[in-house]
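Colleague: Could you take me through this model before I start on my own notes?

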Amino acid sequence: METVKLISKKGDIIERLKIQYEPNEKIWAERGWSVYEGKPKPVETKLEPSGDPEWQPEAPKKKKKSKKKAK
């Protein structure tokens, strides 16, 4: 039996039999489901250096540990 993968607006993916989906396509669409057509392509983001090219972030400060005295 053939199956169809459906994806919701939230990103949830479910799998249903094709004979269950085809007669009810309109109902599935009203509920926010559509046919899943594979993984979406990742969006490439390029980081552009801004400002002073010699600037470097500060090193994190070390926290001092305090010792509690026993009574």
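**Aromatic pair and sheet**

Modeller: Searching the whole structure turns up one aromatic pair. The rings of Trp28 and Trp33 have centres 6.1 Å apart and planes at 90 degrees, so this pair is edge-to-face (rings of Phe, Tyr and Trp, the latter by its six-membered ring, pair if their centres lie within 6.5 Å; planes under 30 degrees apart are stacked, over 60 edge-to-face, the rest tilted). This is a predicted model, where local features need pLDDT of at least 70 and side-chain atom pairs count only at pLDDT 80 or more, while totals for chains, interfaces and linings use all residues. Residues are numbered from 1 along each chain as its sequence is written, and side-chain values use heavy atoms, leaving out hydrogens and water.

Colleague: Is Trp28 buried or exposed, and what about Trp33?

Modeller: Both Trp28 and Trp33 are buried, meaning under 20% relative accessible area with a 1.4 Å probe and protein chains only.

Colleague: Switching to Ser8, which residues is it in contact with?

Modeller: Beyond its neighbours within four places in sequence, Ser8 contacts Gly32 and Trp33 (heavy atoms within 4.5 Å). Ser8 lies in strand 1, residues 3–8 (strands are DSSP E runs of at least two residues, numbered from the N terminus), and is buried at a relative accessible area of 14%.

Colleague: In what order do the strands form the sheet?

Modeller: The three strands form an open, antiparallel sheet in the order 2-1-3, where pairing requires at least two DSSP bridges between two strands. Strand 2 (13–17) and strand 3 (33–35) stand at the edges, each with a single partner strand, so one side of each has no neighbour in the sheet.

Colleague: And which residue stands opposite Leu6?

Modeller: Val35 in strand 3 stands opposite Leu6, and three bridges join strand 1 to strand 3.

Note on methods. Helices (H or I, at least four residues) and strands (E, at least two) are DSSP runs, numbered from the N terminus. Buried means under 20% relative accessible area, exposed over 50%, partly exposed in between (1.4 Å probe, protein chains only).
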